[in-house]
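Dear colleague,

I am passing a structure on to you, together with some notes on its salt bridges. Please look through it before reading on.

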Amino acid sequence: MKHVIVVVGLIAGIIGATPSRAQDYPTRPIKALTTTSAGGISDIFMRALGDELNKRWGQAIVIENRPGGLQNLGARACSEAPPDGYTICILNAEPMAYNQFLLKNMPFDPEKGLQPVTNLYHLIQTLVVNSKLNVKTIDELIALSKAKPGTLNYLTAAVPLALYMDTLTKEQGADWVRVPFKGGGEAVNAVLSGSTPIALIGEGNVIGQVRAGTMTPLVMVNNIKSPNFPDVPTLAETGYKGTASRSWYGLFAPAGTPKALVDKLAKEVASIVGDPSFREKHLTARSLVPAVNTPEQFADEIRKDRAAAQQVVKDAGLEPQ
């Protein structure tokens with residue numbers, strides 16, 4: 001009986017300590033992992049969000065870029081970190097919904113390795129080209145690729161967008177090659193230099209270049225009309241069919257992170273994103289659509305996206321590599 005009382009007392013102590021732990025959290029800097037290189041839209045957003053969290057909590061949010069490996073490298077590092085609330089990560093649908101259906105061996109478990117905290121935003125995805133190509137529409141780009149077979153390449157971070165380009169290749173006889181994508185900053189430089197003149201990318205990465213006339217937007221690929229470039233048609237308006245793409249970035253923590261800490265983090269992020277000045281400066285101005293929700297709602301969204309991703313990969317006839 002004495003042992004039972006001791007065990008019950010320990011359990012009660014642990015349960016009772018959780019709210020206190022959440023109230024004190026954080027007491028030291030938090031590491032935030034990104035899966036792209038510095039200068040990309042997710043990196044820039046995470047730094048802005050980190051600055052606001054630092055103002056509120058008095059603890060630094062230290063950004064660590066882990067690009068590569070189809071974004072699995074950063075996701076794996078996050079999943080293997082101690083689940084104590086001091087490592088978080090910003091990830092998109094690729095490592096969380098698509099990669100497990102494209103790879104025979106995943107370096108982490110996307111279903112059990114990470115805890116969703118909150119969705120952050122959806123991207124307005126656009127197909128842009130180096131303006132020196134002198135094309136204004138998808139039809140003109142396809143015609144150019146046929147006239148110069150094997151000379152055009154493109155980049156994109158999103159599997160659905162790559163499948164869209166594959167669809168055009170098969171249906172329209174286009175001729176281009178996908179090259180590896182490391183991060184938004186490098187992607188912009190590649191398009192500007194002409195080494196990779198075509199990109200399917202978040203509009204927020206290329207607003208300045210489009211306005212400067214060095215890049216030409218051809219279409220908004222995921223059918224979200226851009227308030228910045230209202231004359232650029234959506235995919236549906238062009239008459240082309242493409243794979244539906246919900247391009248989101250969300251916040252995650254290692255699986256096993258105490259719920260009280262996850263909930264506190266989600267609530268604080270919602271408060272920051274809900275601030276009109278932050279929203280305008282770091283989301284609307286960068287063509288990002290706010291998508292903040294609860295950990296439970298985000299987890300449900302991911303489950304649905306995972307099922308949709310499995311069907312998309314199956315319909316595309318892709319086999320795990």
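Predicted model: local features only at pLDDT ≥ 70, side-chain atom pairs only at ≥ 80, totals over all residues.

Residues are numbered from 1 along each chain as its sequence is written, and side-chain values use heavy atoms, with hydrogens and water left out.

A search of the whole structure finds 12 salt bridges (a side-chain nitrogen of Lys or Arg within 4 Å of a carboxyl oxygen of Asp or Glu). One of them joins K31 and E64, at 3.7 Å from N to O; because K31 lies in strand 1 (residues 30-34) and E64 in strand 2 (residues 61-65), this pair ties together parts that are 33 residues apart in sequence. Helices (H or I, at least four residues) and strands (E, at least two) are DSSP runs, numbered from the N terminus. K31 and E64 also belong, with R66, to a network of salt bridges.

A salt bridge at 2.8 Å, N to O, is formed by E268 and R56; E268 is in helix 10 (residues 259-273) and R56 in helix 2 (residues 41-57), so the parts tied together are 212 residues apart in sequence. E268 counts as buried at 17% relative accessibility, whereas R56, at 37%, counts as partly exposed (buried means under 20% relative accessible area, exposed over 50%, and partly exposed in between, with a 1.4 Å probe and protein chains only).
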